[in-house]
Amino acid sequence: MKKALIALAVVCSLLAVIISGLLIGEQKAKSDLEGQVGEFLDECGVTATSIDVHGRPYLLYAAKGDADLTYADLDPVDGTNKDQLLIHRLSHGTADRLTRFITFDYPSAGATPVLNDDGSYSEFATIKGKKVTFSAQADDTKLQVFADGRPAGELKLPQSAEVKGVSAQEVGIGVEIEYSSSSCR
């Protein structure tokens, strides 16, 4: 009986050591991937306030040198309240695609988003009792947001981009863009 208990204690100890090693390795791998993303952003001249790497297990992605999907929060500039860069499949310093979500402030306070039938945000909001349509346009140097065709915001872009979507949200006018090149510049 004593030998069985000793064997059980040894097996449990070994399992605890293995599990602890995997957990520590997973955290180290995540940190390594965040460092890889940080280097990519530094090369782009972009300063992130936070980096959130997705894709588990981190050990497998780190072993391949890949960060599957990363959210990098950027400092919002005047006229915006949120700015987030999504880096798709960063592998050895090269990204497959760069998507950016920017939330612009509403042109006036008290805006209420108009939801689609499925509950998702639409490109409409009610401001002071009037339904307003929001749109956006991007070129090689800037992103412009419009409220009923009138300018409502502008942001300088580091390269050309395509507007993928516009939505009136609780916190502002959300614009999704995809950069033409995955190299930041």
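**Notebook: a walk through the model**

I call a residue buried when its relative accessible area is under 20%, exposed when it is over 50%, and partly exposed in between, with a 1.4 Å probe and protein chains only. Helices (H or I, at least four residues) and strands (E, at least two) are DSSP runs, numbered from the N terminus. This is a predicted model, where local features need pLDDT of at least 70 and side-chain atom pairs count only at pLDDT 80 or more, while totals for chains, interfaces and linings use all residues. Residues are numbered from 1 along each chain as its sequence is written, and side-chain values use heavy atoms, with hydrogens and water left out.

**Entry 1: helix 1**

I began with helix 1 and looked up its buried residues: G25, E26, A29, L33, Q36, V37, G38, F40, L41 and C44.

What do the buried residues of helix 1 pack against? I found strand 1 (48-54), helix 2 (58-64), strand 2 (66-74), strand 3 (80-91) and strand 4. Contact here means heavy atoms within 4.5 Å.

Next I checked the length. The expected span is 1.5 Å times one less than the number of residues. For the 43 residues of helix 1 (residues 2-44) that should be 63 Å, and the end C-alpha atoms are 63 Å apart, which agrees. Just after the helix, G45 takes a positive phi of about 75°.

I also looked up how helix 1 is placed. It lies across strand 1, strand 2, strand 3 and strand 4, and runs at about 130° to strand 1. For such angles, axes are lines fitted to C-alpha atoms, for helices over the stretch in contact, and the angles run from 0 to 180 degrees between N-to-C directions.

**Entry 2**

I count two strands as paired if DSSP finds at least two bridges between them. In what order do the strands of the open sheet of six stand? The order is 1-2-3-4-11-10, with antiparallel pairing. Strand 1 and strand 10 are at the edges with a single partner strand each, so one side of each has no neighbour in the sheet. From one strand to the next, the twist averages 20°.

Strand 1 and strand 2 pair in the antiparallel sense over six bridges. I followed D52 across and found Y71 in strand 2 as its bridge partner.

Then I picked T103, in strand 4 (residues 97-104). T103 counts as buried at 6% relative accessibility. Setting aside residues up to four places away in sequence, T103 touches T80, N81, K82, Q169, V171, G172, I173 and G174.

S167 sits in strand 10 (residues 161-168) and is buried too, at 13% relative accessibility. Beyond neighbours within four places in sequence, S167 is in contact with Y121, S122, E123, G172, I173 and G174.

Strand 8 (residues 142-147) and strand 9 pair over six bridges in the antiparallel sense. Here L143 stands opposite L155 in strand 9.

**Entry 2: salt bridges**

My rule is a side-chain nitrogen of Lys or Arg within 4 Å of a carboxyl oxygen of Asp or Glu. How many salt bridges does this rule give? The count comes to six.

One of them joins the side chains of R100 and D83 (2.6 Å, N to O). R100 is in strand 4 and D83 in strand 3, so the pair ties together parts that are 17 residues apart in sequence. R100 is buried at 9%, and D83 is buried at 3%.

Another joins K130 and D148 (3.2 Å, N to O). K130 lies in strand 7 (residues 130-138) and D148 in the loop between strand 8 and strand 9, so parts 18 residues apart in sequence are tied together. K130 is partly exposed at 44%, as is D148 at 30%.

**Entry 3: the core**

A nonpolar core is a set of buried Ala, Val, Leu, Ile, Met, Phe, Trp, Tyr and Cys residues joined through side-chain atoms within 4.5 Å. Which members of the largest one touch the most others? Of its 37 residues, these are I87 and F134. Helix 1 gives the largest share of this core, six residues. The contacts of I87 include V37, F40 and L41.
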